[in-house]
Every structure is written in structure tokens, then in C-alpha cells.
Amino acid sequence: MGQLDGKTAVVTGGTSGIGLATARRFREEGARVYITGRNKDTLDKAITEIGGTVTGIQADSANLTDLDRLYTTIADAGHHIDVLFANAGGGTFATLEQVTEEH
Ligand SMILES: NC(=O)c1ccc[n+]([C@@H]2O[C@H](COP(=O)([O-])OP(=O)(O)OC[C@H]3O[C@@H](n4cnc5c(N)ncnc54)[C@H](OP(=O)(O)O)[C@@H]3O)[C@@H](O)[C@H]2O)c1
């Protein structure tokens with residue numbers, strides 16, 4: 001029996017790195033997993049890689065309309081969010097001297 005049997009877990013930015021590894025682990029623990037990401041191809045690849053009960057929703061966490069659609073999609077499927085990992089994001093490492101206004 002998994003620690004998340006019957007639970008619904010959402011991992012934003014679940015197509016790569018920490019989010020992908022977390023989504024895989026949540027699924028192994030029995031959760032129904034939703035992952036998000038902005039890139040459709042990466043999303044499809046991650047769904048195949050994770051396997052099992054995982055649903056991909058193309059959504060930008062910086063876009064409120066996308067976030068509303070994410071919650072509506074889950075609710076319309078008759079589920080509610082038990083676990084939310086707000087992981088989406090990114091960045092680069094730089095020394096203070098290398099930091100630009102764009103960073
Ligand atoms: N790795 C580290 O050492 C480290 C250290 C401190 C904090 N963090 C934080 O931990 C989180 C994960 O890091 P990581 O290294 O695993 O990153 P990663 O491999 O670059 O993965 C980032 C994930 O977030 C998604 N994403 C990025 N911006 C998004 C947005 N606006 N809306 C939805 N999805 C978005 C990406 O997919 P798309 O590009 O397709 O959207 C991808 O699935 C990030 O928030 C990062 O800032 C990481």
C-alpha cells in the first residue's frame with residue numbers, strides 16, 4: 001500500500017528535473033498525478049516516461065487563466081487536490097559580478 005493511495009497530487013513543472021522525479025515518486029506511492037509544463041512535447045514525453053495514472057496539462061504557472069483551467073480540469077474529473085507541489089520555475093546560477101538586469 002502506497003502512502004498516497006487514492007490521493008490526487010499536482011506537480012507544477014513536472015516535466016523535468018525535481019518535478020519529474022517527484023511526480024514519478026508520487027505515482028509510485030499510489031497517487032493520481034497531474035503534471036504541468038508549458039512545452040507540449042516535453043509534457044507528452046514526461047507522461048510516457050512516468051507511465052501509469054498521470055495526466056498532463058499544458059499550463060503556464062505565471063498565467064492566471066491557465067491556473068484556473070488547471071483547477072477546473074481536475075474538478076471536472078471529479079477530483080480535488082490533496083497534494084500540491086508548486087515547483088514550476090527556473091533560473092541560472094551566476095556570481096554577483098555576472099548578474100544582469102535580465103536575471
Ligand atoms: N536545481 C536546483 O539546484 C534548484 C535550486 C533551487 C531552486 N530550484 C527550483 O526548483 C524548481 C525545479 O528546478 P529544476 O532544476 O528541477 O528545474 P528544471 O529541470 O528546469 O524544470 C523546470 C520545470 O518547470 C517547468 N516550468 C518552468 N517555468 C514554468 C512555468 N512558468 N509554468 C509551468 N511550468 C514551468 C518546466 O517545463 P517548461 O519549460 O516546459 O514549462 C520544467 O518542467 C525550480 O522552481 C527551481 O527554481 C532548483
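Mentor: Arg25 has a relative accessibility of 46% and counts as partly exposed, the class between buried (under 20%) and exposed (over 50%), computed with a 1.4 Å probe on protein chains only. The model is predicted, so local features need pLDDT of at least 70 and side-chain atom pairs pLDDT 80 or more, whereas totals for chains, interfaces and linings use all residues. Numbering runs from 1 along each chain as its sequence is written, and side-chain values rest on heavy atoms, without hydrogens or water.

The partner of Arg25 is Glu29, and the closest N and O atoms of this salt bridge are 3.0 Å apart; the term requires a side-chain nitrogen of Lys or Arg within 4 Å of a carboxyl oxygen of Asp or Glu. Glu29 is buried, at 15% relative accessibility, while Arg25 is partly exposed.

Over the whole structure, the search finds 4 salt bridges. One of them joins Glu49 to Arg24, with 2.9 Å between the closest N and O atoms. This pair connects distant parts of the chain: Arg24 belongs to helix H1 (residues 17–28) and Glu49 to helix H2 (residues 40–50), 25 residues apart. Helices here are DSSP runs of H or I with at least four residues, numbered from the N terminus. Glu49 is partly exposed, its relative accessible area being 43%, and Arg24 is partly exposed at 27%.

Asp66 and Arg69 form a further salt bridge, in which the closest N and O atoms lie 3.2 Å apart. These two residues are separated by about one helical turn, because they stand 3 residues apart in helix H3 (residues 64–76). Arg69 is partly exposed, with a relative accessible area of 37%, whereas Asp66 is buried at 16%.

A polar side-chain atom of Arg38 lies 2.7 Å from a ligand oxygen atom, which falls under the polar-contact limit of 3.5 Å between N or O atoms. Asp60 contributes a side-chain N or O atom that is 2.8 Å from a nitrogen atom of the ligand. For Ser61, the atom concerned is a polar backbone atom, 2.8 Å from a ligand nitrogen atom. Altogether 17 residues surround the ligand, each having a heavy atom within 4 Å of it.

Terms used: Polar contact = N/O pair within 3.5 Å; in protein donor to acceptor, adjacent residues only side chain to side chain.
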